[in-house]
Amino acid sequence: MMTDLPLDQVRTLLAVVDEGTFDAAAAALHVTPSAVSQRVKALEQRTGRVLLLRTKPVRPTESGEIVVRFARQLARLERDARSELGMSGEGEPARVTVAVNADSLATWFLPALTRVPREPQFCFELHREDETRTAELLREGLVMAAVTSSPEAVTGCSVRALGTMRYLAAATPDFADRHLGDGPLHETLGRAPVLTFDRSDDLQDAFVRGLRRGADGAGPVRQAVPTSEGFVAAVVAGLGWGMVPEVQAGPLLRSGRLVSLAPAHPVDVPLYWQQWKLDSPALAAVADAVTATAAETLRS
């Protein structure tokens, strides 16, 4: 049973993962490296599983991730209890870690955080990651909540729908004339220079495959721009075509700086809010603000 795990051993494992080495964890805990090693070994014997890969830096195994997530949840509950008992330090903020995709971060997520009550004071730590991978950070115990495209709840987490982020294939009028004007879109788009967020960004390829009803994706000439604002700026600069969030594309389409390449074929990406199943006032306050803002901003 997880409740039978010695808390000093659980906290020591978390310190090793966070600090990266046994020596650094020992310094953070004010104990000897030998004591850290003994606690981790005792915890591994108690669980009957290898919990750490002894690499540099160390990494938790799949079983280790479960214990790390438990340790972080335990720390969250402890902080909440101390706060409710009036035992927290003067002005000590409630720390909330969230994984969020770049497009949400650039459009609606930061306004959501401004709706979180000012008291108690919050300290946000945001991890930017693709919406298809934010759930991994939640599974690894690195964050308390995540905006994700996965409706499948991570173990120990709850999930609720936020809404749908719509993307439009867009380019400058000049780019469209030069690269897309000599044939059917499903053919020319596969040869035109394309913008992607990074190498794992499949949105543009999926859009072209949908037009072609086949396996071939976007063209081989690719520009990778790993920020949401930079991605849109690159499309406006004519470096390629790309899938632009509707909320960012709207003003640019109305001004004529961009044109929609396939108005009848938007791509809708559903987003979900996943968070630890904890009775945490801090986490509940953030969740309420995020879901309320998403309801007003995203498509239902």
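Asp174 and Arg178 form a salt bridge, with their closest N and O atoms 2.9 Å apart; by salt bridge I mean a side-chain nitrogen of Lys or Arg within 4 Å of a carboxyl oxygen of Asp or Glu. Both residues belong to helix α7 (residues 173-180) and stand four residues apart, about one turn of the helix. Helices here are DSSP runs of H or I with at least four residues, numbered from the N terminus. Asp174 is partly exposed, because its relative accessibility is 46%, and the term covers values between buried (under 20% relative accessible area) and exposed (over 50%), computed with a 1.4 Å probe on protein chains only.

Colleagues, please note that this is a predicted model, in which local features need pLDDT of at least 70, side-chain atom pairs count only at pLDDT 80 or more, and totals for chains, interfaces and linings use all residues. Residues are numbered from 1 along each chain as its sequence is written, and side-chain values use heavy atoms, with hydrogens and water left out.

How many salt bridges does the structure hold? The total is 13. One of them joins Glu78 to Arg11, at 3.3 Å from N to O. This pair links distant parts of the chain, since Glu78 sits in helix α4 (residues 62-84) and Arg11 in helix α1 (residues 7-19), 67 residues apart. Glu78 is partly exposed at 38% relative accessibility, and Arg11 is also partly exposed, with a relative accessible area of 38%.

Let us turn to helix α6 (residues 134-139), which contains both Glu136 and Arg139, three residues apart, about one turn of the helix. Their salt bridge brings the closest N and O atoms to 2.4 Å. Glu136 is partly exposed at 38%, as is Arg139 at 32%.

Conventions:
Helices (H or I, at least four residues) and strands (E, at least two) are DSSP runs, numbered from the N terminus.
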